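Colleague: I would like to learn how to read a model like this one. Could you walk me through it, feature by feature?

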Amino acid sequence: MYVPSGKRKARMQRKVYPLELEKPGMQNREYPTVLLTNGRGIISQCPAMPGILNSKYDTIFAISPDTDSPTERVSLGRMVRETVQVGQKYFDLDGSFVTKFTRYPQPMWEFVYDDGEYYLRIERWMIMAHDENTLYLRYKLVEANTPIVFIVKSYIECRSPHNNLSANDMRQSDYGRSCRRMEGQVGYQFTADAECDFVGAGPAG
């Protein structure tokens, strides 16, 4: 650790981002990142700019099977993709339509779609429950001049964040055997095999 001699002023090394970023602020070279934790080793790390991945360490949900070694995490969710249908048109909640990002008290993104015929304003929150192995994605249709259909797909995986992915790693059949529709609820349950040797990511509804 470097200790200043006392003759020079200490310099701040870390970058402090404002509470709210407009779209240009999410596109700069320093790639502002969202990092959430439940306080027990579970993390969620993703770029503030939605719809992209900056590194192999980006993960929507990573757990620590061994609580005594929280650095040996396993990523269970690579990212999510949200698609909105208005009439016969489709668009994704990505960098094309994001207008604002607010990081406190919970990360929140604002998306606006306006093509002259349809107008929508949607907010998305990402919430990591304290002391629970749960991540919530909350959506709110703030304004709209038409009904919409909202589709969310999660890209599941079971891999160490230290490992890179390649096209040869995409073994969809393995994921198909490990996913099943939940009974009496909307959604799917993913159960990895005992060795958790999945290394590719695949979409699940």
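**Reading the model together**

Modeller: Gladly. Let me begin with one side chain: arginine 81 is partly exposed, its relative accessible area being 42%. Keep in mind that this is a predicted model.

Colleague: Which residue does arginine 81 meet in a salt bridge?

Modeller: The partner is aspartate 92, with N and O 3.0 Å apart. Next, look at where the two sit: arginine 81 is in strand β5 (residues 74–86) and aspartate 92 in strand β6 (residues 89–92), eleven residues apart.

Colleague: How many salt bridges does the structure hold?

Modeller: There are nine. One of them joins arginine 40 to aspartate 131, with 3.5 Å between the closest N and O atoms. This pair links distant parts of the chain, 91 residues apart: arginine 40 is in the loop between β2 (33–37) and β3 (43–47), and aspartate 131 is in the loop between β9 (119–128) and β10 (135–144).

Colleague: Is arginine 40 buried or exposed? And how does aspartate 131 count?

Modeller: For this, read the relative accessible area: under 20% is buried, over 50% is exposed, and in between is partly exposed. Arginine 40 has 51%, so this residue is exposed. Aspartate 131 has 42% and therefore counts as partly exposed.

Colleague: What about salt bridges that share partners? Which residues do they join into one network?

Modeller: Start with one pair. Glutamate 143 forms a salt bridge with arginine 121, and their closest N and O atoms are 2.9 Å apart. Because glutamate 143 lies in strand β10 and arginine 121 in strand β9, this pair ties together parts 22 residues apart in sequence. Glutamate 143 is partly exposed, at 35% relative accessibility. Now widen the view: through shared partners, salt bridges join Glu110, Arg121, Glu123 and Glu143 into one network.

Colleague: Let us turn to the rings. How many aromatic pairs does the structure hold?

Modeller: Five. A pair of aromatic rings is described by two values, the distance of the centres and the angle of the planes. Take phenylalanine 91 and tyrosine 113: their centres are 4.3 Å apart with 5° between the planes, and the pair is stacked. Phenylalanine 91 lies in strand β6 and tyrosine 113 in strand β8 (residues 108–114), so the pair ties together parts that are 22 residues apart in sequence.

Colleague: Which residues do ring pairs link into a cluster?

Modeller: Phe91, Phe97 and Tyr113.

Colleague: Now the surface. Which residues make a nonpolar patch?

Modeller: Tyr90, Val149 and Ile151 make a nonpolar surface patch of about 270 Å². Isoleucine 151 belongs to strand β11 (residues 149–159), and with a relative accessible area of 33% this residue is partly exposed.

Colleague: And a loop? Where is glycine 187 found?

Modeller: In the loop between β12 (179–181) and β13 (188–190). Glycine 187 counts as partly exposed at 21% relative accessibility. Leaving aside residues up to four places away in sequence, glycine 187 touches Arg180, Arg181 and Met182.

Colleague: To finish, what does the secondary structure of the protein come to?

Modeller: Two helices and 14 strands. Of the 205 residues, 35% are buried. The accessible surface comes to about 13,000 Å², and 51% of this area belongs to carbon and sulfur atoms. Finally, among contacts between residues at least 6 apart in sequence, 51% join residues at least 24 apart.

Technical notes: Residues numbered from 1 in each chain as written. Predicted model: local features only at pLDDT ≥ 70, side-chain atom pairs only at ≥ 80, totals over all residues. Heavy atoms only, no water. Helix = DSSP H or I, 4+ residues; strand = E, 2+ residues; numbered from the N terminus. Buried < 20%, exposed > 50% of the residue type's maximum accessible area, 1.4 Å probe, protein only. Contact = heavy atoms within 4.5 Å. Areas by Shrake-Rupley, 256 points an atom, 1.4 Å probe, with all protein chains shown as cover. Patch = residues over 30% accessible without salt bridge, like charges linked within 9 Å, V, L, I, M, F, W, Y side chains within 5 Å. Salt bridge = Lys/Arg side-chain N within 4 Å of Asp/Glu carboxyl O. Phe/Tyr/Trp six-rings, centres within 6.5 Å; stacked < 30°, edge-to-face > 60°.
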